[in-house]
Amino acid sequence: MAYQALYRKYRPKDFSDVKGQDAIVTTLKNQLSSGRIGHAYLFCGTRGTGKTTVAKILAKAMNCENLTEEGPCGVCPRCQSIEDGSSMNVVEIDGASNNGVADVRQIVDEVNYAPIDGGRKVYIIDEVHMLTENAFNALLKTLEEPPEYLSFILATTDPQKVIPTIQSRCQRYDFKRIPVETITARLRELLDKEGVEAQDRALNYIARVADGALRDALSLLEECISFYFKEELTFDKVLDVVGSVDQTIYHKMTQALIDGEVDNVIATVDELVGTGRELTQFAKEYVWYLRNLMIIKAAKSVEQLVDLSDENISILKTYAQKLEEEQIIRYIHVMSRLVADMRHTSNRRVEFEIALIRLCRPQMERDYDSLIDRMKGMERDLEIMKDRLEAGVYSVAAPATQSSGTPLGQASDTGAQVSVKKILPEAVPDEVKEIVNQWKHIEQAIMAGGKGHMLATLKDVVLSVDDSGSLVLGLKYPMYIGYFQEHKENLQMLQDIIGEVTGKHVNIVIKDLSNARERVAITDLRDILKNVTIEVEE
């Protein structure tokens with residue numbers, strides 16, 4: 001007998017062998033036993049989850065002469081003829097290659113003839129979403145008023161493309177992805193029948209790579225068995241065949257991203273390519289790795305939620321302490337978009353490297369997700385500056401300039417003059433003076449309190465006062481302004497720290513200095529209170 005692929009050889013013959021779709025199986029069995037058989041079914045779900053298999057079992061059960069509790073008997077003439085494809089009662093149609101109006105009209109003409117040997121006439125249309133709109137419309141009347149001996153079973157991986165008028169005439173069943181544990185158990189069961197030895201870890205990994213599709217898992221398993229014929233299937237051997245990588249390289253990649261080391265990140269990609277690893281597969285698995293990192297960061301008890309060794313969990317816990325939840329989520333978003341983009345690109349390596357550089361350089365982006373990364377980077381810079389200051393090494397920044405290149409507050413070459421409001425020292429309330437004089441101590445208190453993000457937003461702050469005597473904090477970057485205006489708890493936290501350091505309470509106002517003219521029009525109180533002479537254009 002000719003060799004059959006595992007997924008064909010062990011395709012379920014009745015409902016008892018269907019794995020991971022218990023709710024659907026129970027419903028269909030109840031319909032068969034009660035005689036409440038529908039005239040149209042719509043089976044939806046990702047590939048390899050059992051849609052076509054269940055459709056064939058259901059079609060056989062509708063025609064079986066000796067229906068059992070688990071479905072068709074498999075031995076009566078009708079079951080046998082359906083199994084070998086000679087039955088006129090069950091017709092399988094590929095919707096991708098028979099998607100025109102003429103194909104559907106041929107089906108409509110055929111349904112008018114009742115089954116010769118009794119039973120029920122069943123049409124299984126696979127990938128039904130490939131039918132054209134006109135073909136769908138040609139099928140509508142028959143679906144709405146079918147002969148009593150007729151049933152349609154429509155299967156699709158993309159139900160959104162099935163027009164609503166068709167969906168409304170069908171009983172819809174959504175096939176869910178099969179759990180990893182269920183796939184692993186099925187693989188073990190089949191390998192025992194085949195007499196092949198395999199490690200549990202290897203089978204579990206195949207099940208995870210299959211992403212809920214049992215057929216994909218069987219195809220991968222068969223590929224591994226063929227490559228290592230008559231050998232025990234180990235985890236490392238599966239990695240070699242599937243083109244995946246061990247956890248070590250994920251750890252290496254994550255550490256390089258945390259440190260922002262683009263050289264190491266690109267070198268890791270070069271290593272992957274050099275060893276023949278598939279970048280798309282790596283990206284998919286790295287998303288799962290980051291998912292585990294997110295769970296470890298967010299959850300208290302992770303042993304049951306993360307399928308990793310104690311050693312790897314310990315390493316991920318170390319990384320979780322270095323990263324904020326928002327950073328990890330941003331990593332996941334970027335890598336997930338990469339997986340989708342790599343399906344349509346001609347140069348996957350370039351796309352892969354661009355995504356990793358974006359992770360290392362959050363300042364390249366302007367969305368909110370990158371804000372935490374950018375602030376963490378500034379926090380690292382502040383730590384470096386702090387160490388240098390303690391060591392007696394410091395640098396002086398050059399004066400801020402306008403877009404024309406002249407220092408802010410001076411006239412440009414065009415002769416335009418900027419009017420600056422003069423603030424007299426005696427007009428500044430004592431509370432504000434005390435806060436300004438103690439500002440360095442306030443910064444130290446912020447750092448000591450572990451609020452590095454807050455200190456990063458105040459790096460270039462301008463301190464001023466308004467007409468009501470409130471302390472004005474001038475910030476020139478929208479993300480820093482949003483840090484206080486969109487999150488009032490941060491503003492209250494700063495006010496509490498100021499109160500603890502100075503013993504003074506004052507109202508705080510955040511001012512937007514993102515516009516160059518706004519920055520020119522405000523003077524820092526630290527300069528005024530140090531008796532620095534300020535030239536003002538009257």
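Predicted model: local features only at pLDDT ≥ 70, side-chain atom pairs only at ≥ 80, totals over all residues.
Me: Which helix gives the most residues to the lining of the second largest pocket?
Reply: The second largest pocket holds about 910 Å³ of space, and 30 residues line it. Two or more of its lining residues come from each of α8 (180-194), α9 (200-209), α10 (214-227), α14 (279-298) and α16 (325-342). With seven residues, the greatest contribution is that of α14.

Me: Which residues lie nearest the centre of the second largest pocket?
Reply: The lining of this pocket divides into 12 nonpolar, seven polar and 11 charged residues. Nearest the centre lie R208, V209, A210, D211 and G212.

Me: How many charged residues are in the lining of the largest cavity?
Reply: The largest cavity has a volume of about 30 Å³. Its lining consists of T457, K459, D460, V461, L475, K476, Y477 and Y480. Four of the lining residues are nonpolar and one is polar, while the number of charged residues is three.

Me: Which element gives the most to the largest nonpolar core?
Reply: This core has 40 residues, and Y286, M335 and F352 touch the most other members. Elements that give two or more residues to the core include α12 (247-259), α13 (262-274) and α17 (348-360). The element that gives the most, with 10 residues, is α14.

Me: Which residues does Y286 contact, leaving aside its neighbours within four places in sequence?
Reply: Y286 belongs to an aromatic cluster together with Y250, F282, Y289 and F352. Once the neighbours within four places in sequence are set aside, the contacts of Y286 are Y250, M253, T254, L257 and M335.

Me: Is the pair of Y123 and F152 stacked or edge-to-face?
Reply: A search of the whole structure finds 14 aromatic pairs. In the pair of Y123 and F152, the ring centres are 5.7 Å apart and the planes stand at 25 degrees. Planes under 30 degrees apart meet the cut-off, so the pair of Y123 and F152 is stacked.

Me: How many residues apart in sequence are the parts that the pair of Y123 and F152 ties together?
Reply: Both Y123 and F152 are buried. Y123 lies in strand β3 (residues 121-126), whereas F152 lies in strand β4 (residues 150-156). The pair therefore ties together parts whose separation in sequence is 29 residues.

Me: Is F227 buried or exposed?
Reply: The rings of F227 and Y228 form an edge-to-face pair, because their planes stand at 65 degrees with the centres 4.9 Å apart. Y228 has a relative accessible area of 13% and is buried. The relative accessibility of F227 is 58%, so F227 counts as exposed.

Terms used
Residues numbered from 1 in each chain as written. Heavy atoms only, no water. 1 Å grid on protein atoms, 1.4 Å probe; cavity = no way out; pocket = protein on both sides within 12 Å on 5 of 7 lines; lining within 4 Å. Points joined across faces, edges and corners; volume = space filled by probe spheres on them. Helix = DSSP H or I, 4+ residues; strand = E, 2+ residues; numbered from the N terminus. Nonpolar A, V, L, I, M, F, W, Y, C, P; charged D, E, K, R; others polar. Core = buried A, V, L, I, M, F, W, Y, C linked by side-chain atoms within 4.5 Å. Buried < 20%, exposed > 50% of the residue type's maximum accessible area, 1.4 Å probe, protein only. Contact = heavy atoms within 4.5 Å. Phe/Tyr/Trp six-rings, centres within 6.5 Å; stacked < 30°, edge-to-face > 60°.
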